[in-house]
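The points go from the whole chain to individual residues.

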Amino acid sequence: MSSQVTNVVGTWKIVDYSQHPECFGCQIEIKHEKEDENMYRLRACVINDLNCTLQHNSTTNQWQMCSFRTTEMGGSPEDMKKEDVISNLMRDIQKMEVQGEQQLIIQTNNGEQVRLDRLQ
């Protein structure tokens, strides 16, 4: 397993998401699945708890969503819109790359790019 992939593990905060500035500051936690070295679990919380399992293909360096779960609480229209954006981001991850240990760049299937800073 490449160390570049292992480096994605941690807690990250969105600092640059030009299409959705309302999501600045949202946090995404990435954990490694112990049972399968190619599986990762992402968690974010806006109103609801958003959980996503991603599989990494080390040959193509592409990511693919395997499952997505969320709790079902409602909130303000603004918060629900932000939660939709974060949900879609998690579902559409195509590539994740750590730069200089402290920044994570996420690229989505629909061409969006998001920059996150490491919190821990």
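This is a predicted model: local features need pLDDT of at least 70, side-chain atom pairs count only at pLDDT 80 or more; totals for chains, interfaces and linings use all residues.

1. Cys23 and its contacts. Once residues up to four places away in sequence are set aside, Cys23 touches Ile14, Tyr17, Lys82, Val85 and Ile86. Cys23 itself sits in the loop between strand 1 (10–16) and strand 2 (27–32). With a relative accessibility of 0%, Cys23 counts as buried, because buried means under 20% relative accessible area. The C-alpha atoms of Cys23 and Val5 are separated by 24 Å, although these two residues are 18 residues apart along the chain.

2. Confidence. The mean pLDDT of the protein is 93, and 96% of its residues reach 70 or more. Among the elements, the lowest mean pLDDT, 62, belongs to helix 1 (residues 3–6), whereas strand 8 (residues 113–118) has the highest, 98.

3. Overall architecture. Two helices and eight strands make up the elements of the protein. Read from the N terminus, their order is α-β-β-β-β-β-α-β-β-β. The radius of gyration is 14 Å, close to the 14 Å that the globule rule gives for 120 residues, so the protein is as compact as a globular protein of that length. Along the principal axes, the C-alpha atoms fill a box of roughly 40 × 30 × 30 Å.

4. Of the 120 residues, 37% count as buried. Among contacts with a separation of 6 or more, 44% are accounted for by residues 24 or more positions apart. The accessible surface comes to about 6600 Å², and carbon and sulfur atoms hold 43% of that surface. As for charge, the protein has 12 positive and 18 negative charges, whose mean positions are 3 Å apart.

5. Lys82 and Cys23 are 59 residues apart in sequence, while their C-alpha atoms are 6.3 Å apart in space. Leaving aside neighbours within four places in sequence, Lys82 is in contact with Glu22, Cys23, Cys26 and Val46.

6. Val46, a further partner of Lys82. Which residues does Val46 touch, not counting those up to four places away in sequence? They are Asp79, Lys82, Glu83 and Ile86. Val46 is placed in the loop between strand 3 (39–45) and strand 4. Val46 is partly exposed, with a relative accessible area of 24%. From C-alpha to C-alpha, Val46 lies 16 Å from Tyr17, and the two are 29 residues apart in sequence.

7. Ser87. Is Ser87 buried or exposed? Ser87 is buried, its relative accessible area being 7%. Apart from its neighbours within four places in sequence, Ser87 is in contact with Leu50 and Phe68.

8. Thr11. In strand 1 the reader will find Thr11, a buried residue with a relative accessible area of 10%. Not counting residues up to four places away in sequence, Thr11 touches Gln27, Ile28 and Glu29, together with Asp117, Arg118, Leu119 and Gln120.

9. Positive phi at Asn61. Phi of Asn61 is near 60°, a positive value in a residue other than glycine. Asn61 occupies the loop between strand 4 (49–57) and strand 5 (62–70). With a relative accessible area of 27%, Asn61 is partly exposed.

10. Positive phi at Glu101. Glu101 is not a glycine, yet its phi is positive, at about 70°. Where is Glu101 found? Glu101 lies in the loop between strand 6 (93–99) and strand 7 (103–108). A relative accessible area of 43% makes Glu101 partly exposed.

Conventions
Residues are numbered from 1 along each chain as its sequence is written. Side-chain values use heavy atoms; hydrogens and water are left out. pLDDT is the predictor's confidence in each residue, from 0 to 100. Helices (H or I, at least four residues) and strands (E, at least two) are DSSP runs, numbered from the N terminus. The radius of gyration is taken over C-alpha atoms; the globule rule is 2.2 Å times the number of residues to the power 0.38. Buried means under 20% relative accessible area, exposed over 50%, partly exposed in between (1.4 Å probe, protein chains only). Contact means heavy atoms within 4.5 Å. Accessible areas come from the Shrake-Rupley method with a 1.4 Å probe; for residues, only the protein chains shown count as cover. Lys and Arg count as positive and Asp and Glu as negative; His and the chain ends are not counted. The place of a charge is taken as NZ of Lys, CZ of Arg, CG of Asp or CD of Glu.
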